[in-house]
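Here are a few friendly notes to read alongside the model. Keep the picture open and turn to each spot as we reach it.

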Amino acid sequence: MYVKAFFEQEDINYFKEGDVMTLTFPDGSKSEGVLRRFYYATYPLPDEFQKRYEPTTRTVSADIYPADTADYAHWKSFYKMSVVITKYKY
């Protein structure tokens, strides 16, 4: 179980593999995740996050896995839902 994250291209210098991030789920619960895989190529933002009348937004993608394996069940209950990912830039 992992969360596919999309970051703006200008923020690429603030992320690296191994970074710990906070995920906030739709029910308000929070969990820690670790960025394990970073895709340096850009990808179009998925349709559900892109407004139809705007030009296609190209983003950088990453996979975030639970920092604690006990959180897998909690993450699984939010399959295919949006989560908010936060990480301090500094």
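1. Leaving aside its neighbours within four places in sequence, which residues is Asp19 in contact with? Contact here means heavy atoms within 4.5 Å. With that cut-off, the partners of Asp19 are Tyr14, Gly33, Val34, Leu35 and Lys87.

2. A word on what you are looking at: this is a predicted model, in which local features need pLDDT of at least 70 and side-chain atom pairs count only at pLDDT 80 or more, while totals for chains, interfaces and linings use all residues. Residues are numbered from 1 along each chain as its sequence is written, and side-chain values use heavy atoms, with hydrogens and water left out.

3. Now find Asp19 in the chain. It sits in the loop between strand E1 (3-7) and strand E2 (20-24); strands (E, at least two residues) are DSSP runs, numbered from the N terminus. Is Asp19 buried or exposed? Its relative accessible area is 7%, so Asp19 is buried (buried means under 20% relative accessible area, exposed over 50%, partly exposed in between, with a 1.4 Å probe and protein chains only).

4. Look next at Lys16. The side chain of Asp19 reaches the backbone nitrogen of Lys16 at 2.9 Å. Lys16 also forms a salt bridge with Asp19, with the closest N and O atoms 3.0 Å apart (a salt bridge is a side-chain nitrogen of Lys or Arg within 4 Å of a carboxyl oxygen of Asp or Glu).

5. Asp19 has another salt-bridge partner, Lys87, and here the closest N and O atoms are 3.7 Å apart. This pair links distant parts of the chain, since Lys87 belongs to the segment after strand E5 (84-86), 68 residues from Asp19. Lys87 is partly exposed, with a relative accessible area of 29%. Taken together, Lys16, Asp19 and Lys87 are linked in a network of salt bridges.

6. How many salt bridges does the structure hold? There are three, and one of them joins Lys4 to Asp63, whose closest N and O atoms are 2.9 Å apart. Lys4 lies in strand E1 and Asp63 in strand E4 (residues 58-66), so this pair ties together parts that are 59 residues apart in sequence. Asp63 counts as buried at 1% relative accessibility, whereas Lys4 counts as partly exposed at 35%.

7. One general idea to take along: side chains of opposite charge can pair when their charged atoms come close.

Technical notes:
Helix = DSSP H or I, 4+ residues; strand = E, 2+ residues; numbered from the N terminus. Polar contact = N/O pair within 3.5 Å; in protein donor to acceptor, adjacent residues only side chain to side chain.
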